[in-house]
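Work through the exercises below with the model open. Each task is followed by a worked solution.

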Amino acid sequence: MSISVVTLGTGTWPLVDQIERQHGSVTVVRRCLDLSELLACAHTGMARVALLAEGAEELTASLLEQLSLSSVRVLVLAGHDEMRLAALGVTIVPEGASGDHVTGLIEQVADSPDPAPSSRGHSHTDDHPRAATAPEPNQATTPDTDDTTVASADPNPFPHGGTGRIITVWGPMGAPGRTVTALNVAAELALTGSSVLLVDADTYAASVAASLGMLEEAAGLAQACRLADQGRLDGEGLQRCATRVSVAGATMDVLTGLTRHDRWPEVRAAALETVLRHARNAYHAVVVDTSFGLESDEEISVDSVAPRRNAATLSACALADTVIALGSADALGIPRLVKTLPDLTDAAPSARLLLVINKLRKASVGRSGPDSVAEAWARFSPGHGIDATLDWDPTACDEALLAGAVLAESATKSDLRQQITQLAARALRPEEDAGAELSSPGRASGTRLGQRMGAWLRR
């Protein structure tokens, strides 16, 4: 079977001459002048393998995802930004490799399974750049042969060894309380002494920074995604992009969201997945606030590789260990959650799902609130029961928003705060320990600012 190859850069020309003289299964079909021409060749299905020299410095995670979607494997000659490219999962051709050696490499990567774009460049198991090896010219190559070693450019940047859990907070359209829930769940986890990162991945209406009263707002998530896309994100870089916030005497890091709604193309799927995988290794808990959209909107786009506005929500759900699915406790919120639940299970097939009915109030569901909601839910969606309910407490939420605080600061003893504490415990624990409680749920007594604002509002 013939393996078609496209090349980029004059540094590949000596190897191309050697490969062509072999008259074997590897055929060079195009010598591209720039990266855009190489991408065009990949999209037309012209090639199965791309060999790069000059121009490799322009490769990013997003570009590699486009090539992977076209089933094109990438090899780069050694000496061209190896550490960064290794972090992106690119195969490196050893320096001084002969034509026979490179032919073996091309045959090897062409026969290997195509990795999913989301898994590209996320290995943290080895300590050296990704260097490919191939059999000797006289040695037979089989599809099972794989001497490739993969590693991150940052061998051991994280203190927790990948044991952190990603908790994604999602809800359908209609303001079911995603940001308030995500913010307070993260705060309650931080109060237990866990290291927590709160990520604002809402590409429609980012509001975590405003909810915390952060006046000098910067798009921390966009900065982290930019570094991840370039293959330059490490533990220190992730912490530099985050802002440390004090909540009720504890601290948590926050990756603030987009400062303008038109910046959503900066949060691409491949980059965000890299950020979340790094965050999982750096923190005990990663709480992600998302938007409502679960549609794969690229399917209705003329350009199949165009950025997707819903990619952030889909990626956060796909990588989540636990998804908190919120629905408002009213005649509109519950049907919306019921109708979108199949889409959520498709988007997060491996996550533990916690169904939460929020804004529970007598005026909308009657006096026996939780029972009425559970009965209605069982009638319309019998496959999965309700895991928790959260009361409607606009006074406590308004006080917290005005003070730029969390409920643990401004409404310490409120029923809503206690319910969110229990929800945070269930979300963090593995499924078998889901009934466990947080170690110190009542520890916070409120900050002075939160207490002063509450007293002023109650006058």
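**Exercise 1: a helix pair**

In this predicted model, helix α6 (residues 178-191) packs with helix α17 (residues 415-428) at an angle of about 75 degrees, and their axes are 9 Å apart. Classify the angle, then describe the contact.

Solution.
- Step 1. Angles from 65 to 115 degrees count as roughly perpendicular, so α6 is roughly perpendicular to α17.
- Step 2. List the contact residues. α6 contributes Thr181, Asn184, Val185, Glu188, Leu189 and Leu191. α17 contributes Arg417, Ile420, Thr421, Leu423, Ala424 and Leu428.
- Step 3. Sort them. The contact of α6 with α17 has 7 nonpolar, 3 polar and 2 charged residues.

**Exercise 2: the open sheet**

Determine the strand order of the open sheet of 5 strands. Then find which strands stand at the edges.

Solution.
- Step 1. The order reads β2-β1-β3-β4-β5, and the pairing is parallel.
- Step 2. β2 (26-32) and β5 (91-93) each have a single partner strand, so one side of each lacks a neighbour in the sheet.
- Step 3. On average, neighbouring strands are turned by 30 degrees against each other, direction ignored.
- Step 4. Check one pair. β1 (residues 3-8) runs parallel to β3 (residues 49-52), and 4 bridges join them. Leu8 has Leu52 in β3 as its bridge partner.

**Exercise 3: helices on the sheet**

Which strands does helix α1 touch, and which does helix α2 lie across?

Solution.
- Step 1. α1 (residues 13-22) touches β1, β2 and β4 (73-77). The direction of α1 makes about 150 degrees with that of β2.
- Step 2. α2 (residues 35-43) lies across β1, β2 and β3. α2 runs at about 135 degrees to β2.

Notes:
Residues are numbered from 1 along each chain as its sequence is written. This is a predicted model: local features need pLDDT of at least 70, side-chain atom pairs count only at pLDDT 80 or more; totals for chains, interfaces and linings use all residues. Side-chain values use heavy atoms; hydrogens and water are left out. Two strands pair if DSSP finds at least two bridges between them. Helices (H or I, at least four residues) and strands (E, at least two) are DSSP runs, numbered from the N terminus. Axes are lines fitted to C-alpha atoms, for helices over the stretch in contact, and angles run from 0 to 180 degrees between N-to-C directions. Contact means heavy atoms within 4.5 Å. Angles under 35 degrees count as roughly parallel, over 145 as roughly antiparallel, 65 to 115 as roughly perpendicular and the rest as oblique. Ala, Val, Leu, Ile, Met, Phe, Trp, Tyr, Cys and Pro count as nonpolar, Asp, Glu, Lys and Arg as charged, and the others, Gly among them, as polar.
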